[in-house]
Amino acid sequence: SDRAHLVMPWHKFIDKLSESGQQKIGTTQRGIGPCYADKAARKGIRFADLYNEELFRGRVRSLTEEKNKLLAALYGGGPLEASRIVEEYLEYGRRLKPFVGDSVRRVNEAIDRGRRVLFEGAQGSMLDIDFGTYPFVTSSNSDACGISAGSGVPPSKIKTVLGVAKAYCTRVGEGPFPTELRDPVGERMRE
């Protein structure tokens with residue numbers, strides 16, 4: 001999607017450094033949460049921004065300056081170089097452009113033509129940002145309620161929701177887990 005937010009180098013650093021403290025959430029440290037935070041704060045960079053080089057350069061310069069202050073003040077991190085980031089991401093944009101487009105229009109058109117479309121909510125309800133075991137959750141709505149917000153497909157076009165459950169649930173990260181067995185039986189099932 002040309003609306004997809006880009007995970008920038010500062011997102012990865014913030015994610016990794018914030019997980020080094022005492023209140024770990026157990027993230028993958030790939031920058032997803034900080035990227036979502038910037039999206040919500042209206043400081044994100046979307047794929048379509050790569051198509052306007054002047055705009056993109058200005059945004060990266062401004063955000064790199066801001067994030068460098070944050071990285072230094074909160075985590076003692078070294079500075080990121082805006083010009084290097086710009087060149088690296090413009091190259092990503094050139095290479096990926098043939099695969100990017102208006103996914104909202106494309107998916108809605110497919111549904112209107114009677115095509116079957118599958119949406120995946122891989123994280124499940126317990127990791128949903130609104131209904132999961134907050135704050136030990138993912139950064140998005142990962143249950144069926146998130147389909148419309150995440151895809152731009154109106155709820156009236158969603159005909160079937162199929163839930164899939166494992167016999168024994170597992171998760172990555174920290175936090176409460178209601179079905180976790182912390183005994184030899186649980187350990188054996190995990191193995």
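Student: Why is Tyr89 called buried?

Tutor: Tyr89 has a relative accessible area of 7%. Buried means under 20% relative accessible area, exposed means over 50%, and partly exposed lies in between, with a 1.4 Å probe and protein chains only. Tyr89 is therefore buried. As to provenance, this is a predicted model, in which local features need pLDDT of at least 70, side-chain atom pairs count only at pLDDT 80 or more, and totals for chains, interfaces and linings use all residues. Residues are numbered from 1 along each chain as its sequence is written, and side-chain values use heavy atoms, with hydrogens and water left out.

Student: What makes the pair of Tyr89 and Tyr92 edge-to-face?

Tutor: Rings of Phe, Tyr and Trp (its six-membered ring) pair if their centres lie within 6.5 Å; planes under 30 degrees apart count as stacked, over 60 as edge-to-face and the rest as tilted. The ring centres of Tyr89 and Tyr92 are 5.0 Å apart and the planes stand at 70°, so the pair is edge-to-face. Tyr92 is partly exposed, because its relative accessible area is 33%.

Student: Why are Tyr89 and Tyr92 said to be separated by about one helical turn?

Tutor: They are 3 residues apart in helix 4, which means about one helical turn between them. Helices (H or I, at least four residues) and strands (E, at least two) are DSSP runs, numbered from the N terminus. On that basis the chain has 7 helices and 0 strands.

Student: Which other residues form an aromatic pair?

Tutor: The whole structure holds 2 aromatic pairs. Phe47 and Tyr51 form an edge-to-face pair, at 5.8 Å centre to centre and 80° between the planes. Phe47 counts as buried because its relative accessibility is 5%, whereas Tyr51, at 38%, is partly exposed.

Student: How do you know that Lys97 lies over the face of Tyr51?

Tutor: A charge sits over a ring if NZ of Lys or CZ of Arg is within 6 Å of the ring centre and within 35 degrees of the ring normal. Lys97 is at 4.5 Å from the ring centre of Tyr51 and lies over its face.

Student: What makes Lys67 and Asp38 a salt bridge?

Tutor: A salt bridge is a side-chain nitrogen of Lys or Arg within 4 Å of a carboxyl oxygen of Asp or Glu. The closest N and O atoms of Lys67 and Asp38 are 2.9 Å apart, and the pair forms a salt bridge. Lys67 lies in helix 3 and Asp38 in helix 2 (residues 32–40), so the bridge ties together parts that are 29 residues apart in sequence. Both residues are buried. Asp38 and Lys67 are also linked with Lys43 and Glu66 in a network of salt bridges.

Student: What makes a set of residues a nonpolar core?

Tutor: A nonpolar core is a set of buried Ala, Val, Leu, Ile, Met, Phe, Trp, Tyr and Cys residues joined through side-chain atoms within 4.5 Å. The largest one here has 17 residues, of which Met8, Trp10, Ile45, Phe56 and Val60 touch the most other members. Helix 1 (9–18), helix 3 (53–75) and helix 4 (82–96) each give two or more residues to this core. Helix 4 gives the most, with 5 residues.

Student: With which residues is Met8 in contact?

Tutor: Contact means heavy atoms within 4.5 Å. Leaving aside its neighbours within four places in sequence, Met8 is in contact with Ile45, Phe56, Val60, Ile85 and Tyr89.

Student: Why is Asp128 called buried, and what does its side chain reach?

Tutor: Asp128 has a relative accessible area of 0%, and is therefore buried. Asp128 is found in the loop between helix 5 (103–112) and helix 6 (146–151). A polar contact is a pair of N or O atoms within 3.5 Å; within protein, one must be able to donate a hydrogen and the other to accept it, and residues adjacent in sequence count only if both atoms are side-chain atoms. The side chain of Asp128 reaches the backbone nitrogen of Asp130 at 2.8 Å, and makes a polar contact with the side chain of Asn141 at 3.3 Å.
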